[in-house]
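Student: Could we talk through the salt bridges together? I'd like to know where the paired side chains sit.

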Amino acid sequence: MTRALNEALMGKPFHHPYHLLLLLIFFSLVHHSNQLQSSQYQSLVVLIQQLLNYPFPLTSFSTVTDLCNIEPTPSLTLVCYEDNITQIHIIGKNGFPPLPQNFSTESFFSILSTLSSLKVLSLVSLGLEGPLPTTVTYLSSLEIFNLSSNHFSGTIPVQVSSLKCLQTLILDHNKFSGEVPVWLSSLPLLAVLSLSNNSFNGSLPNSLSKMENLRILSVSRNNLSGEVPDLQNLTNLQVVDLQDNYFGPHFPILHTRIVSVLLKNNSFQLGIPNELLASCYQLQRLDISLNGFVGPFSPSLFSLPSISYINISNNKFTGMLSENMSCNSDIAYVDISSNLLNGDLPSCLEPNSKSKVIHYYSNCLSSHHQYQHPSSFCHKEALAVEPLDEDQEKHNRPKGKAVIASTTIGGAIGAIAIVGMVLLLMKRVYICSKKHRVKEPQARVTMENVSSSVNTVKLLSDARHISETMKLGANLPAYRTFALEELKEATNNFDESNLLSGASHNKIYRGRLGDGTVVTISRFSVKKKKCQQQSIRHQIELISKLRHSHLVSSLGHCLDWCMDDSTISQIFLIFEFVSDQTLRDHTSSAGPGGKKLSWKQRIGAAIGITKGIQFLHTGLVPAIYSNNLNITEVLLDHDLHVKLSCHNLPLLAETRRSVGTSVFSPGPKQNILTREKDNNGDKKDVYDLGVILVEIIVGRPITSPDEVAVVKNLLQVSMTVDETARRSIVNPTVGKGCTDESLKIMMEICIRCLAERPSDRPSVEDVLWNLHFAAQVVEDDSSHNMNQSSQVKQFVSSFHV
């Protein structure tokens, strides 16, 4: 390290950008350890810029005093919290240019291990090679660890098991080998485990069944084999990707809340649990192609409420299809080809649009649009692969040769004949199965062509999408269970001086945790007759997912148990603390600082609210609709960053504060437990967003449905007249920064959100796009005005020369 520093200071060539990173980290450590004066540190950085010919990451570094203010680039991003580096993201170009021969991965990780506050480490496509250094054990705060697309080899070091805060581990596209470690279950918070495209062998450890927080399990394209561990108790598990291995013969045991099951190209045989799959109402993607599955296939899978992708091709499924069977209207891809299905292709599976892909060739269906076998073929083949019942299955699990030997010794002539027939049929099935394996490249091409449009496993390619930490920033603690004593200490034993609001059975306190974090603690009593333990746990599971930059995010919970009958007597919900400043305080009246939001800030606030709604609708499983949004429950932090504090969940409904008067969408209200999109819950949120936009535009409180109707009519009229009429509606305090074009965009999207019929209201995505467009119009106008001002100044100054 000292040598690299000396080379830099002496003006020697800087051979590789990764030396730059080491240098940057070194100076960061020097800066924090020796407490250099700002001017000294600034001079040192300027000197390095000059000597190194201003490398791109340092071009904007001449006016800052530490590494934490370096501007991000596509290849290098550093994030800090309280002057400590908390995130490092480096993305290379698949190892090009190659690392210098004297580059030491061991030394690189030794430098990184000194960053005790590092929470996110993402080193992607850098060409790093060799064993993963054991010094990783010192990264005790690490929550996201992504080393994908490198050349790491050997086994995963056991030192990784000491990273107790780890939530995401992505080691895809490397050369790791050996067995999948048993100790992975010792990582209590691990939610994402992705080990795809490596050389792991053996079977998956049974300890995986203990990883209760696991949401994504991806081990595709390895050399793994054997039975899949029982995953039924992993109720948080959403994605199981076991493709291109040798797992089998039994179908994995999963819980009913699974979202994506990918078992393509393995050694699974026997039947599939049709009843179990039919109850997976959140299942979106099912791929069990290129296996040896036999027995009946249930067409009810086509009509699952969330299903969009089904591939059962190249198996030996039997069954009768009929034209009048129902399907999910959102289904985009179905491949049932190369099976033994009879009957008529369901009319709902007819490829009636370019966006829908349907393959059904090589069955025995009546349709002639794609090649079909004669019905006699399927009948004959179905007899050959008729599934065994459970007792026969258990009896025949030993290897075929052992069964033949025992039968030959103890059997009579008739029994020998029967066994001989069975062996011939089994051989035929085995040969057919091998033939289908030869067809794998063609099937894989079909799969890859569609994957870009379906894109349900994109979670694994972007850690920011699958981890709450990336969504919120590294300064938000992981969700956890709190001890009651910890909460008592945080609130001074729930002293009245810390009480924010509440009634006798429900109180909200402000608290300060041991690490100094200020939190909001909702405490309420449980009525035993009305609240069952299982229901509470399910609700808490949903609340734990409310973690987003535009939500008042959940940090944890605590349950207080009754000693008499072991029932829950009190529930404590812990959220991040956000000041009592509401969006109304800064739009319709002067905020605590006496300052209203500018027009640009108001559009930014609207964008933040819409992003929060979008997360509730699309970022959670199940989605949360009909949230009864209200401008008084849109809070602003000290940076005027908006956060929604209203969610349609039962426990949170009891803790919502009654501030001001709410104006909600017309029509019947949903029960608090009803969150289905079928009831236009998403469009009710869009209407409520429209009411908030009204108040943002006009700059005065809107407290009744009548006022909403009046202002809506006023907006509609002003859209048909001139700019003067439109500006007369806007609060004068923001009129200066409000361009007519951006105002028209805001008014138009507001009017559409307030449409009486839910079907006429725009989608959340449509609203978000228009708001971004309005913001861009303001930005472009501001830049134009600045350029004009600059030209005027130059023109005037020319007369003074």
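Tutor: Gladly! Buried means under 20% relative accessible area, exposed means over 50%, and partly exposed lies in between (1.4 Å probe, protein chains only). This is a predicted model, where local features need pLDDT of at least 70, side-chain atom pairs count only at pLDDT 80 or more, and totals for chains, interfaces and linings use all residues. Side-chain values use heavy atoms, with hydrogens and water left out, and residues are numbered from 1 along each chain as its sequence is written.

Student: How many salt bridges are there by the rule?

Tutor: The rule asks for a side-chain nitrogen of Lys or Arg within 4 Å of a carboxyl oxygen of Asp or Glu. Applied here, it gives a count of 11.

Student: Which residue forms a salt bridge with Glu486?

Tutor: Glu486 is partly exposed at 25% relative accessibility. The closest N and O atoms are 2.6 Å apart, and the partner is Arg480.

Student: What is the distance between the closest N and O atoms of Glu707 and Arg700?

Tutor: Glu707 is partly exposed, at 24%, and Arg700 counts as partly exposed at 38%. In their salt bridge, the closest N and O atoms are apart by 3.4 Å.
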